[in-house]
There are 2 protein chains.
Amino acid sequence: MTDDDFRLTIVGVGLLGGSVAKAIRRGHPHVHVRGVSRRPSTLERALDAGVIDQGFEHLADACVDSDVVVIATPVDRLAGYVIQAANHSPAECLITDVGSTKAGIVDDVGDDANAAAKFVAAHPIAGSEKTGVENATDDLFDGKVIILTPTAANRPAVREKADQFWRATGGRCLEMTPEEHDDRLAAISHVPHLMSSLVAKLTDPESLPLAGSGWRDITRVAAGDPEMWTAICQQNRSAVLDQLRRCADELKVLHQWIETRDDAELCRWLADAQAVRWRSDESDAGG
Amino acid sequence: MTDDDFRLTIVGVGLLGGSVAKAIRRGHPHVHVRGVSRRPSTLERALDAGVIDQGFEHLADACVDSDVVVIATPVDRLAGYVIQAANHSPAECLITDVGSTKAGIVDDVGDDANAAAKFVAAHPIAGSEKTGVENATDDLFDGKVIILTPTAANRPAVREKADQFWRATGGRCLEMTPEEHDDRLAAISHVPHLMSSLVAKLTDPESLPLAGSGWRDITRVAAGDPEMWTAICQQNRSAVLDQLRRCADELKVLHQWIETRDDAELCRWLADAQAVRWRSDESDAGG
């Protein structure tokens, strides 16, 4: 990766894929970036934006002699592309991704020994409500956590390369198992997203002029792509269902306290929530 | 209110009460602002910040010869202060508030004919996660909706004065009944707040380093004062409980779709939520 002719292939050249390319180019000005998309218009926009050096409609053509391949597609199509990329890339190639779910993908890739050796799954905790390669930035990952979920099947050199590569984007790498990733993310991202959508869904449009900054903050992520979030929920079904059950149980208790005028319990519960929120501000300051 | 010696009394000199004073002073530089607080230190800070001209520990002393009294205390103590202010102010005095609930307060005040004549309840849809008079700003209400819930008991001149007064803060007045206010606010503010707290409450603190901007946005209001929000839930109990039941019903359906892999329904539901959120951006642009 210190080579002048370092070759990076990005499959799915949107906000995340484009930002990976720009972040890497910042520290590696001679990197050669190839973009893969089924849509010629996407490749043209990526070329125009200076994000990629060369566009490909076929993944196989773009992966030949690549050093790193990043799959930045919706999670339900990810494993298939990883296996294809593994079939058409050199033995020492690193294949990684930016998907929001991990266990199902790592499992599916695990059925193919060659792909399993090359694939180190990654989830950068970074994003934007904006989409498209035009909104890609070279600092999207600066200081952000990148979760890596390496497995025993990984070639050691590839695992080391994954760590180097993601640090080169500006992120901070954190390792865990795919299962731990999915459990934690269901609770801190996937189900919170559903709660945000729930609040928006239950809002009478006629009340919108009365929406304050609280409603706007809570529902911001509800603007996210429905297909992308459907795929995330389905890929992480069991952890999402567990967490939805916890929400339902908590709602029941909350309802009871308000119904029975148990102000003391309600206030304690709100204070517990406040404490978690405050703690998150501290962990920001520390990061 | 065009008089040089217009006298304004603010009961509860925090972020909201202080911002009302500063907003009014912008257009009425000769206004005389009196602050009421049981805590001398609060009055000193308000005097130091130039928000009030004179501090009072007793509401009665501050209301004598006042033109307008604004009660900016927690909602569970509001009606009592309105009645006290009515007892000690001139007949043509306007008494108004900034409380997040309306029906219970208007009802309680309604038992006192003198207070009912003078009190036009108001809810400015404006706020900040910051608190305290130091964070008060003169533009907090600019372009924001101020919900007024006048009643048949109001003296007509007082009702007209309420409209003038709140427009003078920079806000846009919108009238509805106290009951409609409470129903709409339960759905667009009070229960969304509880959902934000729910997301924070169910977060394992060890997962906080994995929190992205989505979690942060959703949980921002969970940092709000637990006592204040307990009082809001209790003051608006019945509408809050109705809305919590709707949340529970919706969660059940959502759980079922994910469990039975009904991607089409899940995606449609997410798209409905997205549409509401988009519509809110349009109503912002229009406002």
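This is a short chat about the predicted model shown above.

User: What should I know about the numbering and the model before we start?

Analyst: Residues are numbered from 1 along each chain as its sequence is written, while chains are lettered from A and ligands numbered from 1 in the order in which they are written. The model is predicted, so local features need pLDDT of at least 70 and side-chain atom pairs count only at pLDDT 80 or more, with totals for chains, interfaces and linings using all residues; side-chain values use heavy atoms, leaving out hydrogens and water.

User: OK. What rotation superposes chain A on chain B?

Analyst: A rotation of 180 degrees, with 0.0 Å of shift along its axis, and the RMSD is 0.0 Å. The superposition is by least squares on the C-alpha atoms of residues with pLDDT of at least 70 in both copies. The two copies are therefore related as by a two-fold rotation axis.

User: Which C-alpha of chain A is nearest the axis?

Analyst: That of I218(A), 2.0 Å from the axis. Both copies use the same surface: 100% of the contact residues of chain A recur in chain B (contact means heavy atoms within 4.5 Å).

User: Switching to the sheet. What is the strand order in chain B?

Analyst: The order is β3-β2-β1-β4-β5, in an open sheet of 5 strands with parallel pairing. Strands are DSSP runs of E with at least two residues, helices are runs of H or I with at least four, and both are numbered from the N terminus. Two strands pair if DSSP finds at least two bridges between them.

User: Which strands stand at the edges?

Analyst: β3 (54–56) and β5 (94–97) of chain B; each has a single partner strand, so one side of each is left without a neighbour in the sheet.

User: And how many bridges join β1 to β2 in chain B?

Analyst: 5 bridges, between residues 7–11 and residues 32–36, and the strands run parallel. R7(B) stands opposite H32(B) in β2(B).

User: Which strands does helix α4 of chain B lie across?

Analyst: Helix α4 (residues 78–87) lies across β4 (68–71) and β5 of chain B, at about 165 degrees to β4(B). Axes are lines fitted to C-alpha atoms, for helices over the stretch in contact, and angles run from 0 to 180 degrees between N-to-C directions.
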